Amino acid sequence: MGKVESFQISGCRCWFFTGDHSPPHFHAASSGEWELRVFFLLEPVTYEVKYETRKIPRSILKALLNAAKSHREDLFREWERNQSDD
């Protein structure tokens, strides 16, 4: 599992799973409260909620989507690097 290095968002952690499925995406979560997948190459950037025991703060969601859009190229390089890690 690799950490997203392109950016950090206060209040959540972001990561890639090694060898994860397409389309390229990263996971973001707040421990025990929510987790989602952010599909950063899609236009517009979209997300899928994996679980939510507490509503995802709108400010964090907006920051995640904006950061994903702004850092697409770096995220894709990180995604590719994590797909080949053992």
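Rings of Phe, Tyr and Trp (its six-membered ring) are taken as a pair if their centres lie within 6.5 Å, and the pair is called stacked with planes under 30 degrees apart, edge-to-face over 60 and tilted for the rest. By this rule the count comes to 4 aromatic pairs. The model is a predicted one, in which local features need pLDDT of at least 70 and side-chain atom pairs count only at pLDDT 80 or more, while totals for chains, interfaces and linings use all residues. Residues are numbered from 1 along each chain as its sequence is written, and side-chain values use heavy atoms, with hydrogens and water left out.

**Aromatic residues**

Two of the pairs are set out below.

| Pair | Class | Centre to centre | Between the planes |
|---|---|---|---|
| W15 and F17 | edge-to-face | 6.0 Å | 85° |
| F26 and F40 | stacked | 6.3 Å | 20° |

W15 counts as buried because its relative accessibility is 6%, whereas F17, at 32%, counts as partly exposed. R13 lies over the face of W15, at 4.3 Å from the ring centre; a charge is placed over a ring if NZ of Lys or CZ of Arg is within 6 Å of the ring centre and within 35 degrees of the ring normal.

**The sheet and its helices**

Helices (H or I, at least four residues) and strands (E, at least two) are DSSP runs, numbered from the N terminus, and two strands pair if DSSP finds at least two bridges between them. In this model 5 strands form an open antiparallel sheet in the order β1-β2-β3-β4-β5. β1 (2-3) and β5 (46-52) each have a single partner strand, so one side of each is left without a neighbour in the sheet. Strand β2 (residues 13-16) pairs with strand β3 (residues 26-30) over 3 bridges in the antiparallel sense, and R13 has A29 in β3 as its bridge partner.

Helix α1 (residues 58-70) packs on the sheet, touching β2, β3, β4 (34-39) and β5, and its direction makes about 25° with that of β4. Helix α2 (residues 72-84) also packs on the sheet, where it touches β1, β2 and β3 at about 55° to the direction of β2. Contact here means heavy atoms within 4.5 Å, and the axes are lines fitted to C-alpha atoms, for helices over the stretch in contact, with angles from 0 to 180 degrees between N-to-C directions.

**Strand β4**

β4 is mostly covered, since 6 of its 6 residues are buried. In a regular strand the side chains alternate between the two faces of the sheet. From β4, W34, L36 and V38 point one way and E35, R37 and F39 the other way. The strand is joined to β3 by 5 bridges, the two running antiparallel, and R37 in β4 stands opposite H27. The hairpin of β3 and β4 has 3 residues between the strands, and in this hairpin G32 takes a positive phi near 75°. A further 6 bridges join β4 to β5, also antiparallel, with T46 in β5 as the bridge partner of F39.

How values were computed. Buried < 20%, exposed > 50% of the residue type's maximum accessible area, 1.4 Å probe, protein only.
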